[in-house]
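Here is a short note to read beside the model.

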Amino acid sequence: RLRQGSYLLGHPSLLILKSGMALNLSENVLKAGLAAGALVVLFGIISIITVLASIKTLGPEDQVVVHYLDGKDVVNGPCIKVFNPFREKTERHAIKIGNLEYIRIKDTLNGGVRMVAGHAKVFLGAYEEIDGIEEKIVVKKDEYIRLVDRVSGVERVVRGAESIVPGAWEVSEDGVQQASFVNEETAIIILNKEDGSKRLYDTAGPYFPQKYEVVVGTTERIRVLPHETMVVRDAFGRYIIHSGAGGGSNDGTSFFLKPFEELVEMDWSTFSEPPEGDLQVVSTQKVSRIDMRARKVFYQYDVRTNDNVALRIEGTIFWKIVDVSKMINTTADPTGDVWYKARSALISAVSKVDLETFMKSFNPLIQTAFLAQAGDGFYTRRGVSVDSMEVTKYDCTDEETATTLQEIIEETTNRINMLQAQKSQNDVAAAKLTADIDLENERTTLILTQSKNQKLEASRIGEAEGTQLAKSATTFLDGLNTSLPDLDQRIELYKMHKQLENQNTRTKFIAGGKSTLFLTPGDMNLAMNSNEL
């Protein structure tokens, strides 16, 4: 409906409602055309200005985020770009990170995360934002780091030397860890969390675990001396024997306990040396190192003879382990077995004799009992051998009997001492007699030798004097050969010469000495005989 005097611009005709208004309408149209042209020119100018203003030059580090009705987009420099002037735009710059850094970028549209390691220049995506700039994880040569993906649960281990950028969802609960060092004396136990198994690692040097492996403990090397043996029980209950003499050398052996292995520790009985006048103390001790050398165990047994005399016998048993395998499978207390077995044998042997017989022959009796019980297989089945059994002391437990026995022992001891003293005296006398005999024999030999030497010397002297006398006589007789041709007269004259010479010698000895000369009348007559002058 149109009111009177109004007009309507339609498509495409101009309706003139009243004929009287035609002139005014033409003027209006002209004005409208002029106005429209002015508007077009103005719009063109504005459009040119808008287009020129929408041209953007982006540098190498520039970025523009354009917001559309259905989302966002980014334009990264360097470039020259004409942007829609009617769209919202956000300008930002690229992110620079150094060699020791990395950046964590989060996508706000889908929740994704990406990691970018430096050195780098990073342009964010349309929906990305910085979730943090961190320093790279530096792992030294003797270090490692364990990273776990929180999404998948996958684990990885990175060993040094390296700088690490973790994955988008990777975390390290323990951070950088020091490698475990293994040497000759120390090994480590490793648990595999994937299958639950454990293993021993004993290679010298640093150890870097693999994925899903962790070090759960360390173990020290166990050294076994040449005279020792140790027993180990494995996870299946089997015994493993480590002998120090197994290699045939004097250096012993050594080993590490593997996972699920343990040293076998036994409770062995111990029997103290009986104190004077008191009872033996029986206790137990933990034994894991088995000494293969000969052992000594003290015993104190209460026995009774067949005439009902109670005795307390003390002594020692020497025994040793010869087969550890038999021992460990048969008994847990070999010391106690030896002690109680010996007691049984000794009680049985003593109960068959009376006190007098025991006192006279207790050593043979003990040895007989020892040999009887040593050969019955009891010790062989237990891997031990008993070398000897000795009695060091026995007493009566009854005071009255003990007093009587003590008197007997004292009397016996005195008799033995007296016999020993007499024997010693006899031995001394016999030794003296033997020495005297030997001395006299030597003297006889000396006298005979001296006599022989004197005879020999006299013979030599006599021969020399005889030779001299013969030469003297010959010279004397030959010298008178002319004046006294008769040989008999020369001989008589020589005899008289020698008699006078002997007489002069005796007179000289008598005159020169202090002796007194006694002469009989006969000697005087002989001395005064003219035939001798």
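1. Classes first: Ala, Val, Leu, Ile, Met, Phe, Trp, Tyr, Cys and Pro count as nonpolar, Asp, Glu, Lys and Arg as charged, and the others, Gly among them, as polar. On that basis, the lining of the second largest pocket has seven nonpolar, four polar and two charged residues.

2. Some ground rules. This is a predicted model, in which local features need pLDDT of at least 70 and side-chain atom pairs count only at pLDDT 80 or more, while totals for chains, interfaces and linings use all residues. Residues are numbered from 1 along each chain as its sequence is written, and side-chain values use heavy atoms, leaving out hydrogens and water.

3. The second largest pocket has a volume of about 240 Å³. A pocket here is an open set of points on a 1 Å grid over the protein atoms alone, where a 1.4 Å probe fits, with protein on both sides within 12 Å along at least five of seven lines; lining residues have an atom within 4 Å of a point. Volume is the space filled by probe spheres set on the points, which are joined across faces, edges and corners. The lining has 13 residues, and Met359, Leu405, Ile408, Ile409 and Thr412 lie nearest the centre. The largest share, eight residues, comes from α6. Helices (H or I, at least four residues) and strands (E, at least two) are DSSP runs, numbered from the N terminus.

4. Which residues have the most contacts inside the largest nonpolar core? They are Tyr299, Tyr301, Ile313, Ile317, Phe358 and Met389, in a core of 43 residues. Elements that give two or more residues to this core include β32 (295-304), β33 (310-321), α3 (334-350) and α4 (355-374). Helix α4 gives the most, with seven residues. A nonpolar core is a set of buried Ala, Val, Leu, Ile, Met, Phe, Trp, Tyr and Cys residues joined through side-chain atoms within 4.5 Å. Buried means under 20% relative accessible area, exposed over 50%, partly exposed in between (1.4 Å probe, protein chains only).

5. Take Ile317 as an example. Leaving aside neighbours within four places in sequence, Ile317 is in contact (heavy atoms within 4.5 Å) with residues including Tyr299, Tyr301, Val338, Ala342 and Met389. A second, separate core of eight residues includes Ile95, Ile97, Ala120 and Val122.

6. Strand β9 (residues 101-107) has five of its seven residues buried, so it is largely enclosed by the rest of the structure. Two strands pair if DSSP finds at least two bridges between them. β9 pairs in the antiparallel sense with β12 (residues 128-135) over seven bridges, and Tyr102 stands opposite Glu134 in β12. With β10 (residues 113-117), the antiparallel pairing of β9 runs over five bridges. There, Ile105 has Arg114 as its bridge partner. β9 and β10 form a hairpin with five residues between them, and Gly111 in the turn has a positive phi of about 80 degrees.

7. Check the backbone too. Most residues other than glycine have a negative phi, and most peptide bonds are trans. The bond from Gly118 to His119 is cis, with omega near 5 degrees. A cis peptide bond also joins Gly160 and Ala161, with omega about 5 degrees.

8. Buried or exposed: which is Tyr212? Tyr212 is buried, at 18% relative accessible area, and has a positive phi of about 70 degrees. Asn308 has a positive phi of about 65 degrees and is exposed, at 54%.
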